[in-house]
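Biologist: I would like to learn how to read helix packing in a model. Where do we start?

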Amino acid sequence: SMSCEDHDFLSASSQFITHTVGRTLGTMNLKPTPIDTKGYEALLELVRQTNTDSFDLYYGLFLYNQNATDELERLEYGLERVKKSLLSKLHDIARQEMFPAAMVEKDDEPLRLVK
């Protein structure tokens with residue numbers, strides 16, 4: 001059995017992150033398309049549900065959740081990590097296209113030009 005405190009903590013936490021993601025996606029003005037996936041439809045539904053609730057409800061989830069600030073930072077950090085992974089891969093591909101055979105990488109040695 002779960003204590004009331006544990007229930008309230010978990011509930012506030014899950015509702016806050018749900019509303020934060022929904023409201024964040026809501027700022028993107030996403031629209032349905034004729035070829036929506038189930039996942040995209042779920043995101044549109046999340047936006048609809050969270051953005052029709054009052055901002056005061058969302059603010060209450062923030063105000064009464066002692067971990068809300070940490071959760072915002074974790075969400076921001078997670079997005080930043082995903083973004084860096086994408087950009088890093090793009091950078092690697094661009095570098096390979098620009099310098100196809102001109103660069104050689106050895107185990108722990110830095111890249112060096114090959115004559």
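Modeller: With handedness: a crossing is left-handed if the near helix is turned anticlockwise from the far one by less than a right angle, and right-handed if clockwise. Here α1 passes α3 in a left-handed crossing. This is a predicted model, in which local features need pLDDT of at least 70, side-chain atom pairs count only at pLDDT 80 or more, and totals for chains, interfaces and linings use all residues. Residues are numbered from 1 along each chain as its sequence is written, and side-chain values use heavy atoms, with hydrogens and water left out.

Biologist: Which residues make the contact of α1 with α3?

Modeller: Contact means heavy atoms within 4.5 Å. From α1 come Q15, F16, H19, T20 and R23, and from α3 come F55, L57, Y58, L61 and F62. They divide into six nonpolar, three polar and one charged. Ala, Val, Leu, Ile, Met, Phe, Trp, Tyr, Cys and Pro count as nonpolar, Asp, Glu, Lys and Arg as charged, and the others, Gly among them, as polar.

Biologist: At what angle do the axes of α1 and α3 cross?

Modeller: Axes are lines fitted to C-alpha atoms, for helices over the stretch in contact, and angles run from 0 to 180 degrees between N-to-C directions. The axes of α1 (residues 4-26) and α3 (residues 55-63) cross at roughly 135° and come within 9 Å. α1 is therefore oblique to α3; under 35 degrees counts as roughly parallel, over 145 as roughly antiparallel, 65 to 115 as roughly perpendicular and the rest as oblique.

Biologist: How many helices and strands does the protein chain have?

Modeller: Helices (H or I, at least four residues) and strands (E, at least two) are DSSP runs, numbered from the N terminus. The protein chain has four helices and two strands, in the order α-α-α-α-β-β from the N terminus on.
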